[in-house]
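Here is a structure, with questions about the terms used to describe it. Each answer sets a value against a definition.

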Amino acid sequence: MTALHHPIAVIGGGLGGLTLARVLHVNGLRAAVFDLDASPEARSQGGMLDIHEETGQAALREARLYDDFLAKVHPGGEQLRVLDKHAHVLREEADDGAGDRPEIDRGDLRDLLLYSLPEGTVRWNARALSCRALDDGRHEVTLADGTVFTTDLLVGADGAWSRVRPLVSAATPAYTGVSFVELDLLDADARHPEGARLIGGGMFFALGDEKGFLAHRETDGSLHVYVALRADESWLGTIDFTDAEAARSALLPYFDDWSPALRDLIAEADGPLVPRSIHALPVGHRWARTPGVTLLGDAAHLMSPFAGEGANLALIDGADLGRSLAEHPGDTEAALAAYEKILFPRSEETAKDSAQGLEIIFDPNAPRPLLDMFAQFDADRH
């Protein structure tokens, strides 16, 4: 029996993998994308993303989807509020309508990319179990359902715990010292009016004591909240997240001396609370040029979310790789070398910013260092 073969195989159908497939498509090239989800609707895609001009927006222009993207942005989503633990508002920025960092629902952006691709590009319920190099420069991938295929170019767009990464690098993500508990307050204006007023229309920080609340309003009128703490890596495992009431009760004592309005974001949470340990690859993660394989997005440069660049980097990685392949027809190695020459320094700089952002947000004197950072941005603009 002849084994299945795909000239370009992308493991992971997130934003980066889909952007790569789209940029290849507009340049007349075809990729096969393999995603572990059972279907496009298998799970929620997460919250709001601000899309930056030089990365995410540039990628969407490369994908010829920029105008469609603008039609889906969230008006008012660029608002910002910074509070202390007593709920005193220390900085507030209105959305000025300039649209430099427009906000979009992650699910809307994913769907924009997904449905711009030829039908059948993404293979659902296709979890990669193992990948190995073959003697002829190709790679072989085995899926959970037993399917085996070969490919001339294997792209790991499969996130933090990538199955492709070990082909090029021995690095693994390490715990950053910060854990999140994710929660939602639904139909906030009607059901949680105090929380809605507190958080406002855009991004929200309430910080102190090496912990805090990071939140934003979603396009459906809900509030999406990350309760964040410096904690031992084992801490989340001490909480029963199968019982929402028990999880709320376990979290609240960590904020005993915080404003009741902030504590209510936990007490009034709707539905399940979701634990998230924050991991990162080493700053400056890179690998030697390895024939027939490369990485993009979190598989290449997982970092904490405190530079706000994770999704943006995935988008621009996918666009840059797609463009490089189109510009080097018949010479995949030249294309990969050109792509990685851009990828490595950009992701190193952003990973440094992300690590610095973590220290700023979870500083014992927070939110003062965050306010100082915004003040410096103001000074630089003027």
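Helices (H or I, at least four residues) and strands (E, at least two) are DSSP runs, numbered from the N terminus. This is a predicted model, in which local features need pLDDT of at least 70 and side-chain atom pairs count only at pLDDT 80 or more, while totals for chains, interfaces and linings use all residues. Residues are numbered from 1 along each chain as its sequence is written, and side-chain values use heavy atoms, with hydrogens and water left out.

Q: Where is Asp 270 found?
A: Asp 270 lies in strand β15, which covers residues 270–280.

Q: Why does Asp 270 count as buried?
A: Buried means under 20% relative accessible area, exposed over 50%, and partly exposed in between (1.4 Å probe, protein chains only). Asp 270 has 15% relative accessibility, so it counts as buried.

Q: What makes the pair Asp 270 and Arg 191 a polar contact?
A: A polar contact is a pair of N or O atoms within 3.5 Å; within protein, one must be able to donate a hydrogen and the other to accept it, and residues adjacent in sequence count only if both atoms are side-chain atoms. The two side chains make such a contact at 2.9 Å. The side chain of Asp 270 also reaches the backbone nitrogen of Leu 186, at 2.8 Å.

Q: Which residues is Asp 270 in contact with, leaving aside its neighbours within four places in sequence?
A: Contact means heavy atoms within 4.5 Å. The residues are Asp 184, Leu 185, Leu 186, Arg 191 and His 192.

Q: Why does Thr 19 count as buried?
A: Its relative accessibility is 1%, so Thr 19 falls under the buried limit. Thr 19 sits in helix α1 (residues 15–26). Beyond neighbours within four places in sequence, Thr 19 is in contact with Ala 59, Leu 113, Leu 315, Gly 318 and Ala 319.

Q: Why are helices α2 and α10 called oblique to each other?
A: Axes are lines fitted to C-alpha atoms, for helices over the stretch in contact, and angles run from 0 to 180 degrees between N-to-C directions. Under 35 degrees counts as roughly parallel, over 145 as roughly antiparallel, 65 to 115 as roughly perpendicular, and the rest as oblique. The axes of α2 (residues 53–62) and α10 (residues 310–327) cross at roughly 40 degrees and come within 7 Å. The pair is therefore oblique. Among the residues making the contact are Ala 58 and Ala 59 of α2 and Leu 315 and Ala 319 of α10.

Q: How do strands β1 and β10 run, parallel or antiparallel?
A: Two strands pair if DSSP finds at least two bridges between them. Seven bridges join β1 (residues 4–11) to β10, and the strands run parallel. Leu 4 stands opposite Phe 149 in β10.

Q: What makes β10 a mostly covered strand?
A: Seven of its nine residues, in the run 148–156, are buried. β10 also pairs with β9 (residues 139–143) in the antiparallel sense, over four bridges. Three bridges join β10 to β16 (residues 293–295), and these two run parallel.

Q: Why do β5 and β15 stand at the edges?
A: The open sheet has seven strands in the order β5-β4-β12-β13-β14-β11-β15, with mixed pairing. β5 (89–93) and β15 each have a single partner strand, so one side of each is left without a neighbour in the sheet.
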